[in-house]
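Subject: Structure for you to look over

Hello,

I am handing over a structure that you have not worked with before. Please open it first, then read the notes below it.

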Amino acid sequence: MHSHFGPTGWWPGDSAFEIVVGAILTQNTAWTNVEKSLDLIKSDGLLSPQALIDSSEETLHRVLKPSGFFRIKAKRLLHFCHFLMDTHDGDMASLARTPLAELRTTLLNIHGIGPETADDIILYACQQPVFVVDSYTRRIFSRHGWVADDIGYEPLRSFFESQLEANVDQFQEYHGLLDLTGKEFCKTRPHCSGCPLEPLLSDDQPLVSSV
DNA sequence: GACCAGGCACATC
DNA sequence: GATGTGCATGGT
């Protein structure tokens, strides 16, 4: 994948907090739409937990509108902002120092932060090693016959983490490459010709046979 | 005009 | 525990 796409530079963002905002806004949403909202948030000077908390509901809805689900995402963003202010005085660097297991549990307890969003935050905003699984990851591996197509998030994450050295840079790059591969090659079943992973196909049993 | 996009929570069975 | 559904906009 790397030889096909080169370095992905996955997850643009000038700050850890911006990455968190993007992670929440991109839930089931195309990144191009998220960028529109991020631009509005920045131009309105709202890119901080306190600024978002202080903003009116109308303002929040207006800036979140381009990325869809704006009512629900406004609530989810505020839940995270209140958490960050209450427990870390709004400081992402302080949050990022939380030990990995505790960090993950804590994030998952915030309303609106599910497994993928939590892992995006941990890997890209907090720079700690978790393997981010997303719909493309599952689709690519199931279409190649390597895992069951209904494999759960945690079993798939555990699988990757058991096979790979825990390395933040590499985990960031794997996720970016899998996303690009999914977008470009994984449109049709069982798998698309030209996929960079095609040379790995074999008659072997699935790597993970069941949930 | 249908379908999808870098999910999650909640209701119902 | 498993399955279905609402959330909403913008691009293809």
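Predicted model: local features only at pLDDT ≥ 70, side-chain atom pairs only at ≥ 80, totals over all residues.

**The surface near DNA strand C**

Which residues lie around DNA strand C? They are N28, T29, A30, T32, N33, K65, P66, G68, F69, F70, R71 and I72. Sorted by class, this surface has 5 nonpolar, 5 polar and 2 charged residues.

**The chain as a whole**

Chain A has 12 helices and 0 strands, and its elements from the N terminus on read α-α-α-α-α-α-α-α-α-α-α-α. The C-alpha trace spans about 55 × 35 × 30 Å along its principal axes. Chain A has a radius of gyration of 18 Å, which agrees with a compact globule, because a globule of 211 residues would have a value near 17 Å. Of the 211 residues, 31% count as buried. If you take the contacts in chain A with a separation of 6 or more, 67% of them are between residues 24 or more positions apart.

**Two domains**

Chain A is divided into domain 1, residues 7-125, and domain 2, residues 135-200. How many residues does each domain bring to the contact between them? Domain 1 brings 6 residues and domain 2 brings 9 residues. On the domain 1 side, the residues that touch domain 2 are 5 nonpolar and 1 polar, with no charged residues. The centres of domain 1 and domain 2, taken over C-alpha atoms, are separated by 25 Å.

**The nonpolar core**

The largest nonpolar core holds 47 residues, and V20, V21 and I121 touch the most other members. Several helices supply at least two residues each to this core, among them helix 2 (16-25), helix 3 (31-43), helix 6 (70-88), helix 9 (115-125) and helix 12 (168-185). The core also draws on both parts of the chain, with at least three residues from each of domain 1 and domain 2. What does I121 touch, leaving aside residues up to four places away in sequence? I121 touches V20, A23, L107 and C126.

Regards

Technical notes:
Residues numbered from 1 in each chain as written. Chains lettered and ligands numbered in written order. Core = buried A, V, L, I, M, F, W, Y, C linked by C-beta atoms within 7 Å. Buried ≥ 20, exposed ≤ 12 C-beta atoms within 10 Å, placed from the backbone. Helix = DSSP H or I, 4+ residues; strand = E, 2+ residues; numbered from the N terminus. Domains from an automatic or database assignment. Contact = placed C-beta atoms within 7 Å. Nonpolar A, V, L, I, M, F, W, Y, C, P; charged D, E, K, R; others polar. Rg over C-alpha atoms; globule rule 2.2 N^0.38 Å. Near = placed C-beta within 6 Å.
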